[in-house]
Amino acid sequence: MKNKILVSACLMGFKVRYNASEKAQMAEQLALWQQEQRLVIHCPELSAGLPVPRSPAEILSAGGGTGVMHGQGRIIEKTGKDVTAHYQLSAWLALRAAQESGCTAALLTDGSPTCGSQFIYDGCFRGQRQPGMGVAAALLTEQGIAVFSDTQFAELVDWIAEKENPELSL
Ligand code: SF4
């Protein structure tokens, strides 16, 4: 059975990031999967009603997105506005989109307080990275969906090959 993949809309060229930009550097590699109808293109923040452009937001929580989804920590915009509830909603909507479409994996843009999976920013708006997950990546992972960042495309290709052709990895 073909594995379906939830993919960050900005990776597909949609200008939905906080600064109205996209991150379509992988569009060519993803085109084949799109033709195979494997991709479910989704922007959790947009689904939750956040505007484009919007103020950048960062997570204030030792546990990153996982902590926020468990009621520990907050997400604030650079303006100081608390947007925790919007971001929690974005995570639940990403999970619903993935589950309703039967996605087994997600390919998400790293660094985002929502989609980040290898790193996020430290909450001080000084461009300082730290290991951690955004809220949607954390929730999808908790619910058994395999999350890959945009820097892990090769790992995702291997993961799919192993799932769909297990005899090849023997
Ligand atoms: Fe891209 Fe995810 Fe941010 Fe939407 S929430 S702009 S899909 S990184």
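1. Buried positions of α4. In this predicted model, helix α4 has a set of buried residues: His 86, Tyr 87, Ser 90, Ala 91, Ala 94, Leu 95, Ala 97 and Ala 98. An α-helix has 3.6 residues a turn, so residues three or four places apart point the same way. Burial here means 20 or more other C-beta atoms within 10 Å of the residue's own.

2. Extent and end of α4. The helix covers residues 84-101, 18 residues in total. From first C-alpha to last, α4 reaches 26 Å, close to the 26 Å expected at 1.5 Å a residue. Gly 102 follows α4 and has a positive phi, near 75°.

3. α4 lies across β1 (4-8), β2 and β5. Relative to β2, α4 runs at about 160°.

4. The sheet. Four strands form an open sheet in the order β2-β1-β5-β8, and the pairing is parallel. The edges are β2 (39-42) and β8 (146-149); each has a single partner strand, so one side of each lacks a neighbour in the sheet. From one strand to the next, the twist averages 25°.

5. The β5-β8 pair. Strand β5 (residues 103-108) pairs with β8 in the parallel sense over 4 bridges. Ala 105 stands opposite Ala 146 in β8.

6. The ligand shell. The ligand is surrounded by 13 residues, of which Ser 8, Cys 10, Cys 43, Thr 109 and Cys 115 are the closest. By class, the shell divides into 7 nonpolar, 4 polar and 2 charged residues. Helix α2 (residues 44-47) supplies the largest share of the shell, with 3 residues.

Key
Residues are numbered from 1 along each chain as its sequence is written. This is a predicted model: local features need pLDDT of at least 70, side-chain atom pairs count only at pLDDT 80 or more; totals for chains, interfaces and linings use all residues. A residue is near a molecule or strand if its C-beta atom, placed from the backbone, lies within 6 Å of it. Helices (H or I, at least four residues) and strands (E, at least two) are DSSP runs, numbered from the N terminus. Ala, Val, Leu, Ile, Met, Phe, Trp, Tyr, Cys and Pro count as nonpolar, Asp, Glu, Lys and Arg as charged, and the others, Gly among them, as polar. The expected span of a helix is 1.5 Å times one less than its number of residues. A residue is buried if 20 or more other C-beta atoms lie within 10 Å of its own, exposed if 12 or fewer, and partly exposed in between; C-beta atoms are placed from the backbone. Two strands pair if DSSP finds at least two bridges between them. Axes are lines fitted to C-alpha atoms, for helices over the stretch in contact, and angles run from 0 to 180 degrees between N-to-C directions. Two residues are in contact if their C-beta atoms, placed from the backbone, lie within 7 Å.
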